[in-house]
Amino acid sequence: MKASLKWFAVLTSIGMLLILLGGALVTKKDAGLGCGRSWPLCNGQLIPDEITLELLIELAHRLVSGGVGMMVLILSIWTWRKIGHVREAKFLSILSFGFLAIQGLIGAAAVKWAQSDFVLALHFGISLISFAAVFLLTLLIFEVDKKFEAEKLIVDRRMKFHILGITIFCFIVVYTGALVRHTESSLVCKDWPFCVNSQIGLPENLYEWIQMGHRAIAGIIFLWVTYAMIIAIKHYKHQQVIYGGWISAFLLVFLQVAAGAFVIFSRQNLYIALAHSLFIACFFGVMSYLVLLTSRSTKNAVLLQEESSLIHNSNQQSSSSISLH
């Protein structure tokens, strides 16, 4: 594969991470209306007269999103032409740009017309799908599958359930986390892991329910990933991509939970909050790759069975030939 395509794919993946972090920063700083109700211009001007911090954050996010959007479009066309023979390449190309376009339209709609917090919380999840598609395209371009001999990978039904289940459940974690940000519920509970450690009980209002609901869901996915990693360590040491994938997933989800706790301890330190978003994005990228490999498992099993049958028939024919002589 040409080095230029590889470098471009890496830069585009980094750009997608910047979009995710930029969106989180816009929400954290309440800069969504930094440019007023004007889009794509800022306060109806190409170059705004009055410059504020919120305006700079929102404008920078728009510029980065637009630039990276063009990069994603170029990468989609480029990979379609170069590795279109790989069965997932065309689908991922469409998915990456399609969901990025949807994300941009939702962002524009949020500026032009007021949206509820429950709708705005979808924004991060849609961006995450586009990032995952770009990330998977990058892995395909680097032919990571061949390095890990993924064409020989066979995943049993139990492991498939955990991979697909955790990936889907991750969206609930992401959505509730985004809802915490959009409803400004991050510090409604001053303690961790409970809302008030000295008075353990049920949440008393909507904001506490959103915050504690997110914590509970994050705790569930942490325990679930831990269990799946233990299974991988016991039964998949011979398949490095699954073994290493689950260890990576565990480390990332651990960091994500730890960052979530430190958001409370630090009273919403900006850098820790952005790291919290970064870890869940990387975790979803790893899980998406495991999903891609799982989709190939059935085909690999069929091919392996056919290969075994051919070898068996060949051995039988050789034995018959020898006995005749």
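Select Cys170: this residue is buried because its relative accessible area is 0%, where buried means under 20%, exposed over 50% and partly exposed in between, computed with a 1.4 Å probe on protein chains only. The model is predicted: local features need pLDDT of at least 70, side-chain atom pairs count only at pLDDT 80 or more, and totals for chains, interfaces and linings use all residues. Residues are numbered from 1 along each chain as its sequence is written, and side-chain values use heavy atoms, with hydrogens and water left out.

Now select Cys189 and Cys195. A disulfide (a pair of cysteine sulfur atoms within 2.5 Å) joins these two residues, with 2.0 Å from S to S. The structure holds one disulfide. The link of Cys189 and Cys195 is left-handed, with -85° about the S-S bond. Both Cys189 and Cys195 are buried.

Move to His162, in helix 7, residues 157–182. Helices (H or I, at least four residues) are DSSP runs, numbered from the N terminus. His162 is buried, as its relative accessible area is 6%. Show side chains here: that of His162 makes a polar contact with that of Trp224 at 2.9 Å. A polar contact is a pair of N or O atoms within 3.5 Å; within protein, one must be able to donate a hydrogen and the other to accept it, and residues adjacent in sequence count only if both atoms are side-chain atoms. Leaving aside residues up to four places away in sequence, His162 touches Trp224, Tyr227, Ala228, Ile231 and Trp246, contact meaning heavy atoms within 4.5 Å.

Then select His61, in helix 2. His61 counts as buried, at 12% relative accessibility. With residues up to four places away in sequence not counted, His61 touches Ile19, Gly22, Gly23, Val26 and Gln103.

To see that share, select helix 3, residues 89–112.

Key:
Helix = DSSP H or I, 4+ residues; strand = E, 2+ residues; numbered from the N terminus.
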